[in-house]
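Work through the exercises below with the model open. Try each task before you read its solution.

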Amino acid sequence: MKNHFTTQRTTHPQAQEALRESSQLNAQIVSSIQEGIIVYDRKLNFRFWNPEMEKITGYAASEVLSRNLVEVFPLFRNLAIRKQLLNTLKTNETTSLAFEYRIPEKGRAGWVSQWNAPLRNSTGRTVGIICNVRDITRQKQFEEQRDRLAAIVDSANDGIIGKTLDDIVVSFNTAAERIYGYSAAEIVGQSIARVIPTDRRQELQRIHNAVARGESMEPFETVRVTKDGRHIDVWLTASPVKNSDGRVIGISTIVRDITERKRLEEQLRRSQKMEAIGQLAAGLAHDFNNLIAVIRANASLLQLERDKLGPEAVECVAEMVLATENASKMVRQLLDFGRKRNFHATVLDLNPQIERLGKTMQRILGEKIDLQFEPAPALPRVLADVGLLEQVLLNLVINARDAMQSGGKLHIKTEKVRFDKSDAQAHPEARAGEFVRLSFIDTGTGIAPAHLPRIFEPFFTTKDPGKGVGLGLPTVCDIVRQHKGWIEVSSQWGAGSAFELYIPVAAPTNKSRPRRIIKSK
């Protein structure tokens, strides 16, 4: 009994000492942890607040211990942090996912991430909550700065594209999506080569080599391909992306779509060219007309004396008269082209205007060509000059006739069309709005691909010498633009051509006309 008592007395102080040492050791371990540790009781009163929490928040343990969460931090009353803590007590489960929140600090408000777990006693009963808290303020500041930079990049009007040295796209801003038609999800991780025409691949290699050497490419103009296959003109620059050691690890490209600007510049050049040529043509035409008048007068005098001439001389004089008549027609064309046209616009329906010229157009076409006119019902009215419009119609009919020397069919039709912004992008000169489309579709020889881009150039013609001066289509183009419209041409060599004229609607009309087809031989 004595021995047993002695053993108990000597063991008890040893156990207490071991417990004390263990507690001190645990306290040192907890104090040395580089994360904040908080212990709450079931009422969310602070029971433990380690030194790291003092660093994170600026609050000493003496300022928070035994006080309630909302007493120390009143703003937390309705925030998610309090709900999370109460949920941990209710469910008795560890919060497996960290959540982030702003914690009020002395002098500033920082960000922390926190994990919660129930604190249980020896019987397994939950007596509180233990929390691990990590200061993520600097990380958040970095993320916010990164997001601000990303927002700036994303809101830029120019496309900004990041690539690896292997030309793999790693970033693609909103403007780049708009320019190329690809979403970032479609092209990030893919080669940038998909937006580069085949004939420009060497250019890609040249850019790559220069940037890999640490050089920046000066801005230059080039061509790229959109998702829908369109070739666009772009202004482009490329710069190296370097890491902290100065080593080139990628390529940053800035791209600007200049297709519209190039189109307007070309339109201006064409307009200036036509104006200059028109002035020159008008001046030459007057002088040439005087020479023709002298030749015609003398030829007419010789015809009066045909009885004194031999058969061959009479034939030569007749050819001279015919040549002067053809020359006079060309002079009139030159004068019409060079003369500044006065625009006398009226609101009118194109259908009756075309019907009125039906017989004239058929006489021009001849018997070998069928003329069909398909008027759209309830066609909106347009603001147009009747005289200039007739000139357009007759020029296009003559053009179709010359393309169908062996006969064929000319189909003229009218229809109402509407373009929205996305539709207009597919048409070089289009814009959003309502238009009347006037189509001339023939079954002639078509236009050679090499000639198609030049058909509206003044004095460009594929006709035999003496049969045209190349002013018909340029005149048509000029008049249509004067009506604030545009022309689109499609042609297949050997299979005919289609000229589509777009004239803006002046005012809607409810007048309905029956749909009919006029055929004449």
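**Exercise 1. Which salt bridge does Asp167 form, and is Asp167 buried or exposed?**

Solution. 
- Step 1. Find the partner. The side chains of Lys163 and Asp167 meet in a salt bridge, 3.8 Å from N to O. A salt bridge here is a side-chain nitrogen of Lys or Arg within 4 Å of a carboxyl oxygen of Asp or Glu.
- Step 2. Check the burial. Both Lys163 and Asp167 are buried; for Asp167 the relative accessible area is 11%. Buried means under 20% relative accessible area, exposed over 50%, and partly exposed in between, with a 1.4 Å probe and protein chains only.
- Step 3. Helices (H or I, at least four residues) and strands (E, at least two) are DSSP runs, numbered from the N terminus.
- Step 4. Asp167 is not a glycine, yet its phi is positive, about 65°. Most residues other than glycine have a negative phi.

Two notes on the source apply throughout. This is a predicted model, in which local features need pLDDT of at least 70 and side-chain atom pairs count only at pLDDT 80 or more, while totals for chains, interfaces and linings use all residues. Residues are numbered from 1 along each chain as its sequence is written, and side-chain values use heavy atoms, with hydrogens and water left out.

**Exercise 2. Describe the salt bridge of Arg261 and say what it ties together.**

Solution. 
- Step 1. Name the pair. Arg261 and Glu221 join their side chains in a salt bridge of 3.0 Å, N to O.
- Step 2. Locate both ends. Arg261 lies in helix α10 and Glu221 in strand β8 (residues 217-225), so the pair ties together parts 40 residues apart in sequence.
- Step 3. Arg261 is partly exposed at 40% relative accessible area. Glu221 is partly exposed too, at 43%.

**Exercise 3. How many salt bridges are there, and which residues does a network join?**

Solution. 
- Step 1. Take the count. The rule gives 18 salt bridges.
- Step 2. Look at one of them. Arg401 bridges to Asp402, with the closest N and O atoms 3.1 Å apart. Arg401 is partly exposed at 31% relative accessibility, and Asp402 is partly exposed at 23%.

**Exercise 4. What does Asp158 touch?**

Solution. 
- Step 1. Locate the residue. Asp158 is in the loop between α6 (137-155) and β6 (159-164).
- Step 2. Check burial. Asp158 is buried, with 17% relative accessible area.
- Step 3. Find the polar partner. The Asp158 side chain makes a polar contact of 2.9 Å with the side chain of Arg256. A polar contact is a pair of N or O atoms within 3.5 Å; within protein, one must be able to donate a hydrogen and the other to accept it, and residues adjacent in sequence count only if both atoms are side-chain atoms.
- Step 4. List the contacts. Leaving aside neighbours within four places in sequence, Asp158 is in contact with Asn173, Ala175, Ile254, Val255 and Arg256. Contact means heavy atoms within 4.5 Å.

**Exercise 5. Why is strand β15 called largely enclosed?**

Solution. 
- Step 1. Count the buried residues. Seven of the 10 residues of β15 (residues 433-442) are buried, so the rest of the structure largely encloses this strand.
- Step 2. Find the pairing. Strand β14 (residues 408-419) and β15 pair in the antiparallel sense over 10 bridges. Two strands pair if DSSP finds at least two bridges between them.
- Step 3. Pick a facing pair. Ile412 stands opposite Phe440 in β15.

**Exercise 6. Which residues of helix α16 are buried, and what follows the helix?**

Solution. 
- Step 1. List them. In α16 (residues 472-482), the buried residues are Leu473, Pro474, Thr475, Val476, Cys477, Ile479 and Val480.
- Step 2. Step past the end. Just after α16, Lys484 has a positive phi of about 65°.

**Exercise 7. Where is Ala378, and what is its phi?**

Solution. 
- Step 1. Locate the residue. Ala378 is in the loop between β12 (369-374) and β13 (381-384).
- Step 2. Read phi. The value is near 50°, positive in a residue other than glycine.
- Step 3. Ala378 is partly exposed, with 31% relative accessible area.
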